[in-house]
Structures are given as C-alpha cells and as structure tokens.
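Biologist: Let's go through the labels one by one, and please show me the cut-off behind each. Can you bring the model up?

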Amino acid sequence: MDKLQSRKSYKVGNRLEPFYTGGPLSLTSGGDAVACACGDEVKLVQLSNGSVLKTLAGDSEPITALAFTPNARTLFTASRSLQTKRWDVASGEVSRSWKSHEAPVADMAVDASGCLLATGSADRSARVWDVDK
C-alpha cells in the first residue's frame, strides 16, 4: 500500500494584516470603504469583507486627519509633519502636498462639491483651501 505524502507548502488564500491603530478615519459617502490611520500610513479598507484595498505610504509621522471627497476619488490626509496631501485613490499617488498650518491639523472636511477643504489646526486656526487650484 502506498504511503500518503503530506503537503509541505500551501498557497496563501487570505492574509490578515492590521489596518487600524487608533486615530482618524474617514468613511466614503457610499459607505463601502473606509480610510484608516495605521501609524504613518493610511489603509483603505473594503467594509464588506475587511480586506485592505490599498496602503498609502506615510512620511514617518503619524496621520492626524483624513477626509474623502464625496465621489471617493480623492483622499486628503494630514500628519504631524505638518504636510497636507491630496491622494488619487485609484492610483495611490500624491497629486499635491503643502504645509497647511504651523501646528498639526486636528480635523478636516471636504464640502459637497469636492472643491473646498476646511482644516482646523492645533495652532488655533481654521483655513479653507480651494483644492482645484
């Protein structure tokens, strides 16, 4: 009688990875995905199955604020490095980066048109940015 051989290697079907370490998050207007701070990175997570769709690289400083545009094609992030970034969600690339305040941004929101970004900072100021310019 032949002896059964056990497998020595297996194909990975699904992989669990941390996607949220506390801090800011932003839900898409459709409610199907969420952007979560994970240290200095941002993880885009599909809510239906918990899979990480994309990881947006950080700048070595923790993320302090996040906001999606209404169409969820653009994500804005701010970190303790004082940089505010506009990300193209589909490509995962930064399309614009600027210093928005003299202290970290504590909160941000995008208007219904997706053209204006409001930021509030620990420097006790609030600013509104025309992000199409």
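Predicted model: local features only at pLDDT ≥ 70, side-chain atom pairs only at ≥ 80, totals over all residues.

Biologist: Why is S97 called partly exposed?

Modeller: The relative accessible area of S97 is 39%. Buried means under 20%, exposed means over 50%, and partly exposed is in between (1.4 Å probe, protein chains only). Residues are numbered from 1 along each chain as its sequence is written, and side-chain values use heavy atoms, with hydrogens and water left out.

Biologist: Which strand holds S97, and what makes a run a strand?

Modeller: S97 sits in strand 8, residues 93-99. Strands are DSSP runs of E with at least two residues, helices are runs of H or I with at least four, and both are numbered from the N terminus.

Biologist: Which residues does S97 touch, leaving out those up to four places away in sequence?

Modeller: Q83, T84 and K85. Contact here means heavy atoms within 4.5 Å.

Biologist: What makes the S97 and Q83 pair a polar contact?

Modeller: Their side chains are joined at 2.8 Å. The term asks for N or O atoms within 3.5 Å; within protein, one must be able to donate a hydrogen and the other to accept it, and residues adjacent in sequence count only if both atoms are side-chain atoms. So 2.8 Å passes the distance test.

Biologist: Are K85 and D59 buried, exposed or in between?

Modeller: K85 is buried at 14%, whereas D59 is partly exposed at 25%.

Biologist: How many salt bridges does the structure hold?

Modeller: It holds 4. One of them joins K43 and E41 at 3.6 Å; K43 is buried at 7%, while E41 is partly exposed at 28%. Another joins E102 and K99 at 3.5 Å, with E102 exposed at 58% and K99 partly exposed at 44%.

Biologist: How do you know that strand 2 and strand 3 pair?

Modeller: DSSP must find at least two bridges between two strands. Strand 2 (33-38) and strand 3 (41-46) have 6, in the antiparallel sense, so they pair. C38 stands opposite E41 in strand 3. The two strands form a hairpin with 2 residues between them, and G39 in the turn has a positive phi of about 70°.

Biologist: What order do the strands of the open sheet have?

Modeller: The order is 1-2-3-4, with antiparallel pairing. Strand 1 (25-27) and strand 4 are at the edges, each with a single partner strand, so one side of each has no neighbour in the sheet.

Biologist: What joins strand 3 to strand 4?

Modeller: They run antiparallel, joined by 4 bridges, and V45 stands opposite V52 in strand 4.

Definitions and conventions
Salt bridge = Lys/Arg side-chain N within 4 Å of Asp/Glu carboxyl O.
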